[in-house]
Amino acid sequence: MIAVQGLSKQFRQAGGGWWQRKPARVVQAVEQLSFAAPDGRITGLLGPNGAGKTTTLRMIAGLITPDAGSIQVDGFDVTTQTSAALARMGVLSDARGLYPRLSARENIVYYGLLQGMTREQAHERAEALGELLDMGKLLGRRTEGFSQGERMKTALARALVHDPANIILDEPTNGLDVLATRALRDTLRHLRSPEGGAKCIVFSSHIMQEVERLCDEVVVVAHGRTVAEGTVVELLQRTEQSDFEEAFVQLAFAEETKGSHP
């Protein structure tokens, strides 16, 4: 389980050159954001570009230190008990950096070794993940030249090699075709099921249809804040809408809508 409470983060953007006389600007990327992601559920962070989703996931993954707030992963604080918290997580970032000269299997095994697994354990796990993700034919190939879908499968296997209880994905369907997206969706459903380990899965997206089809819980984020959370049905009822896109617009852009109708 992942619990986020009162999370805040500012970034300072440099101003222009001396001839422009522009001072540095402080950007509030995340402001008092809170949500809980339970085990055996898929929780989606849904919001427009620039809403703070990626910054939030990077703080959960321990890549950025928050200015305020707390992040608990299975009871371990990400800031003060970093190693224990990170050991409970598998992270698939949008970058998906793979070593192009290594095969898919070598990429997976190498990450397993970094997670403290023995070489034998990492190889066994790579074979099991190859079967789970239907990538048996890819394991022996260099990742250089892989398609987006093949790269996604390899990166996901790498994130799952140590069998983490919590999985973090940042806009994982970006650049994927329909078949690759469906394959990823099926895999995530399996992982959140009792047969797949009842894992806690958190992913960000700005695609309403993806969230509507996949998520058990939805956290709507706007201007770095949580503006609504619940199931898709609950959010539809709250906004009195029958279309989820309309419900999202009403929730995420409430301030803009009020401002345009004095």
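**Notes on pockets, sheet and helices**

1. About 200 Å³ of space lies in the largest pocket of this predicted model. Its lining is made up of Ala-61, Leu-63, Leu-86, Met-89, Val-91, Ser-93, Tyr-111, Gln-115 and Arg-158. Sorted by class, that lining holds 6 nonpolar, 2 polar and 1 charged residues.

2. By class, the lining of the second largest pocket counts 4 nonpolar, 2 polar and 4 charged residues.

3. Glu-171, Pro-172, Thr-173 and Asn-174 line the largest cavity, together with Phe-203, Ser-204, Ser-205, His-206 and Ile-207. The class count for this lining is 3 nonpolar, 5 polar and 1 charged residues.

4. Next, the sheet. An open sheet is formed by 6 strands, and their order is E6-E7-E8-E3-E9-E10, with mixed pairing. Its edges are strand E6 (89-92) and strand E10 (225-230), each of which pairs on one side only. On average, neighbouring strands in this sheet are turned by 15° against each other, with direction ignored.

5. Strand E7 (residues 166-170) and strand E8 (residues 200-205) run parallel and are joined by 5 bridges. Which residue of E8 is the bridge partner of Leu-169? It is Phe-203, a residue that is also listed in the lining of the largest cavity.

6. Helix H1 (residues 53-60) touches strand E3 (42-46), E6, E7 and E8, and its direction makes about 150° with that of E7. Helix H5 (residues 148-160) also packs on the sheet, touching E6 and E7; the direction of H5 makes about 160° with that of E6.

7. Is H1 mostly covered or mostly uncovered? H1 is mostly covered, with 6 of its 8 residues buried. Those buried residues are Lys-53, Thr-55, Thr-56, Leu-57, Met-59 and Ile-60. After H1 comes Gly-62, which has a positive phi near 80°.

8. Finally, please look at Val-161, which sits in the loop between H5 and E7. Is Val-161 buried or exposed? Val-161 has a relative accessible area of 1%, so this residue is buried, the cut-off for buried being under 20%. Leaving aside neighbours within four places in sequence, Val-161 is in contact with Ile-108, Tyr-111, Gly-112, Met-117, Arg-125 and Leu-129. For Ile-108, which is 53 residues away from Val-161 along the chain, the C-alpha atoms of the two are separated by 6.7 Å.

Notes:
Residues numbered from 1 in each chain as written. Predicted model: local features only at pLDDT ≥ 70, side-chain atom pairs only at ≥ 80, totals over all residues. Heavy atoms only, no water. 1 Å grid on protein atoms, 1.4 Å probe; cavity = no way out; pocket = protein on both sides within 12 Å on 5 of 7 lines; lining within 4 Å. Nonpolar A, V, L, I, M, F, W, Y, C, P; charged D, E, K, R; others polar. Pairing = 2+ DSSP bridges. Helix = DSSP H or I, 4+ residues; strand = E, 2+ residues; numbered from the N terminus. Axes fitted to C-alpha atoms, helices over the stretch in contact; angles between N-to-C directions. Contact = heavy atoms within 4.5 Å. Buried < 20%, exposed > 50% of the residue type's maximum accessible area, 1.4 Å probe, protein only. Points joined across faces, edges and corners; volume = space filled by probe spheres on them.
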